[in-house]
Every structure is written in C-alpha cells, then in structure tokens.
Amino acid sequence: MCIRDRYKGPKLDAIESLSKEWIVKATDYMKGGNVIHKRYALMVIERANEIFRNESNMVKVTIPKGGEAVVCGDLHGQYKDLLAIFKLNGYPSEEAVFVFNGDFIDRGRNSIEVMLTLLLWKCVCPKTFFLIRGNHENKQQHKFHG
C-alpha cells in the first residue's frame with residue numbers, strides 16, 4: 001500500500017517499532033482532525049487481533065504493588081473524553097493498569113479515532129491495557145449506528 005507524499009502524519013516502518021512516543025504523536029495528529037494512514041491502521045488492527053486471539057476471554061488484572069488501576073467505560077466514540085482520561089491519569093505503563101469496560105464506539109463522531117487509539121495502547125501495553133466488550137460491541141449495534 002503506497003503512502004503518498006501529501007500524508008503528513010506519523011510514519012511507522014514496522015509494527016515492531018510501535019512505541020508510546022509514536023502513539024502520542026498519532027493521537028496529537030488525530031486530535032487535529034486528521035486521519036492516520038490506512039496502512040498503519042491495518043498494521044495496528046492486525047497486531048491487536050493477534051494479541052486478542054492469544055488472550056483469554058476472562059482476564060485476571062493484576063495491579064502491581066505501588067501501582068494503580070484506571071477503570072473507564074462508555075466512551076461512545078468521544079475522542080476528547082478519551083484524551084482527557086489520559087491527561088488526567090497519565091498513559092498506560094507497567095505501573096498504571098487501564099481497563100476499558102466496553103461501549104467504545106457508536107454515537108460519537110470520532111469512533112475510528114477512539115478505537116484506533118485503544119488498539120494502539122493494547123499493542124504497546126498488552127499486559128496492562130484491557131478492553132472488555134460491552135453491550136454495544138456487537139453486529140446489530142454496528143449496523144444501527146454505522
């Protein structure tokens with residue numbers, strides 16, 4: 001897939017080079033109303049799919065000693081809300097466990113940005129970043145809300 005010169009967003013040579021710094025650049029780029037190139041989005045989706053396929057449907061979340069857990073739910077495609085969560089709590093790390101309890105997308109106008117950002121963090125922090133399916137993550141809801 002060719003990336004044209006007019007694309008001004010962050011570039012990712014290989015999924016193995018995905019980092020927290022790249023995610024911050026990508027979220028800043030998307031915050032400005034821009035879209036990450038579909039080549040990079042597909043790389044992230046494929047990697048996240050691998051992670052989810054190897055993860056149990058029931059996960060045990062362990063909070064490290066001295067660490068903290070941030071539990072969130074019902075983003076409904078509100079990208080500014082997601083960014084505010086990170087601004088308030090910091091980014092996921094080995095000390096900061098994040099659990100998102102479903103309803104990631106549907107009504108908000110920035111559902112793609114929300115889902116892509118969540119998948120980016122899952123790829124970089126698979127042991128401390130959890131996405132739990134909510135009642136809106138099903139085929140009927142996606143058909144209804146688009």
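Biologist: What makes β2, helix α4 and β3 a right-handed β-α-β unit?

Modeller: Bearing in mind that this is a predicted model, the strands β2 (residues 96–101) and β3 (residues 129–132) run parallel and are joined by four bridges, while helix α4 covers residues 111–124. A crossover counts as right-handed if, with the strands pointing away from the viewer, the path from the first strand over the helix to the second runs clockwise, and the unit of β2, α4 and β3 is right-handed in that sense.

Biologist: How do you know that β2 and β3 are paired, and which residues face each other?

Modeller: Pairing requires at least two bridges, and β2 and β3 have four, so the two strands qualify as a pair. Within that pairing, Phe100 has Leu131 of β3 as its bridge partner, and Val99 stands opposite Phe130.

Biologist: What joins β2 to β1?

Modeller: Five bridges join β1 and β2, and the pairing is again in the parallel sense, with Ala69 opposite Val97 of β2.

Biologist: Why is β2 described as largely enclosed by the rest of the structure?

Modeller: The description is used because five of the six residues of β2 are buried, where buried means under 20% relative accessible area.

Biologist: Why is Thr117 called buried, and what is in contact with it?

Modeller: Thr117, in helix α4, has a relative accessibility of 0%, and the limit for buried is under 20%, so Thr117 counts as buried. Apart from neighbours within four places in sequence, its contacts are Thr27, Met30, Tyr79, Leu82 and Phe86.

Biologist: Is Ala48 buried or exposed, and how do you know?

Modeller: Ala48, which belongs to helix α2, has a relative accessible area of 1% and is therefore buried. With its neighbours within four places in sequence set aside, Ala48 is in contact with Leu119 and Cys123.

Biologist: What makes the pair Lys122 and Glu55 a salt bridge?

Modeller: The N to O distance between their side chains is 2.6 Å, and a salt bridge needs a Lys or Arg nitrogen within 4 Å of a carboxyl oxygen of Asp or Glu, so the pair meets the requirement. It links Lys122 in helix α4 to Glu55 in the loop between α2 and β1, 67 residues apart, and Lys122 is buried, with a relative accessible area of 0%.

Biologist: Why is Glu16 called exposed, while Arg47 is called partly exposed?

Modeller: Exposed means over 50% relative accessible area, with partly exposed lying between that and the buried limit of 20%. Glu16 stands at 60% and so counts as exposed, whereas Arg47, at 23%, counts as partly exposed.

Methods
Residues numbered from 1 in each chain as written. Predicted model: local features only at pLDDT ≥ 70, side-chain atom pairs only at ≥ 80, totals over all residues. Heavy atoms only, no water. Helix = DSSP H or I, 4+ residues; strand = E, 2+ residues; numbered from the N terminus. Buried < 20%, exposed > 50% of the residue type's maximum accessible area, 1.4 Å probe, protein only. Contact = heavy atoms within 4.5 Å.
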